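User: I have a protein chain to look at. Can you take me through it with a few questions?

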Amino acid sequence: MNKNEKIKLLADLVAIRSMNDNEEAVAEYLAAFLDKYGIDLKLSNMHRIELI
């Protein structure tokens, strides 16, 4: 991952409105991002969305 890709990732994450129990959008974004790199994961929604 080059510097520009890292900056875009950070900018995208900061742009997602995730305050006050709205973390699901961040988890979904990261899940899609990590999936591109073949990283196995799942989203858990027991009380709050968690990236596992």
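The questions below go from the overall layout to a helix pair and then to one residue.

User: What pattern does the chain follow along the sequence?

Analyst: This is a predicted model. Its secondary structure comes to 2 helices and 2 strands. Read along the sequence, the pattern is α-α-β-β.

User: Are α1 and α2 roughly parallel or roughly antiparallel to each other?

Analyst: Helix α1 covers residues 3-15, and helix α2 covers residues 24-35. Their axes come within 10 Å and cross at roughly 155°. Angles over 145 degrees count as roughly antiparallel. Therefore α1 and α2 are roughly antiparallel.

User: Is the crossing of α1 and α2 left-handed or right-handed?

Analyst: The axes of these two helices cross at roughly 155°. The crossing of α1 and α2 is right-handed.

User: How many residues of the contact of α1 with α2 are nonpolar?

Analyst: From α1 come Leu-9, Asp-12 and Leu-13. They meet Val-26, Tyr-29, Leu-30 and Phe-33 in α2. Among the residues of this contact, 1 is charged and none is polar, while the nonpolar ones number 6.

User: Is Ser-44 buried or exposed?

Analyst: Ser-44 sits in strand β1, residues 43-45. Its relative accessible area is 12%. Buried means under 20%, so Ser-44 is buried.

User: What distance separates the C-alpha atoms of Ser-44 and Ala-27?

Analyst: Ser-44 and Ala-27 are 17 residues apart along the chain. Their C-alpha atoms are separated by 9.7 Å.

User: What share of the residues of the chain counts as buried?

Analyst: The chain has 52 residues. Ser-44 is one that is buried. The share that counts as buried is 17%.

Note on methods:
Residues are numbered from 1 along each chain as its sequence is written. This is a predicted model: local features need pLDDT of at least 70, side-chain atom pairs count only at pLDDT 80 or more; totals for chains, interfaces and linings use all residues. Side-chain values use heavy atoms; hydrogens and water are left out. Axes are lines fitted to C-alpha atoms, for helices over the stretch in contact, and angles run from 0 to 180 degrees between N-to-C directions. Helices (H or I, at least four residues) and strands (E, at least two) are DSSP runs, numbered from the N terminus. Angles under 35 degrees count as roughly parallel, over 145 as roughly antiparallel, 65 to 115 as roughly perpendicular and the rest as oblique. A crossing is left-handed if the near helix is turned anticlockwise from the far one by less than a right angle, and right-handed if clockwise. Contact means heavy atoms within 4.5 Å. Ala, Val, Leu, Ile, Met, Phe, Trp, Tyr, Cys and Pro count as nonpolar, Asp, Glu, Lys and Arg as charged, and the others, Gly among them, as polar. Buried means under 20% relative accessible area, exposed over 50%, partly exposed in between (1.4 Å probe, protein chains only).
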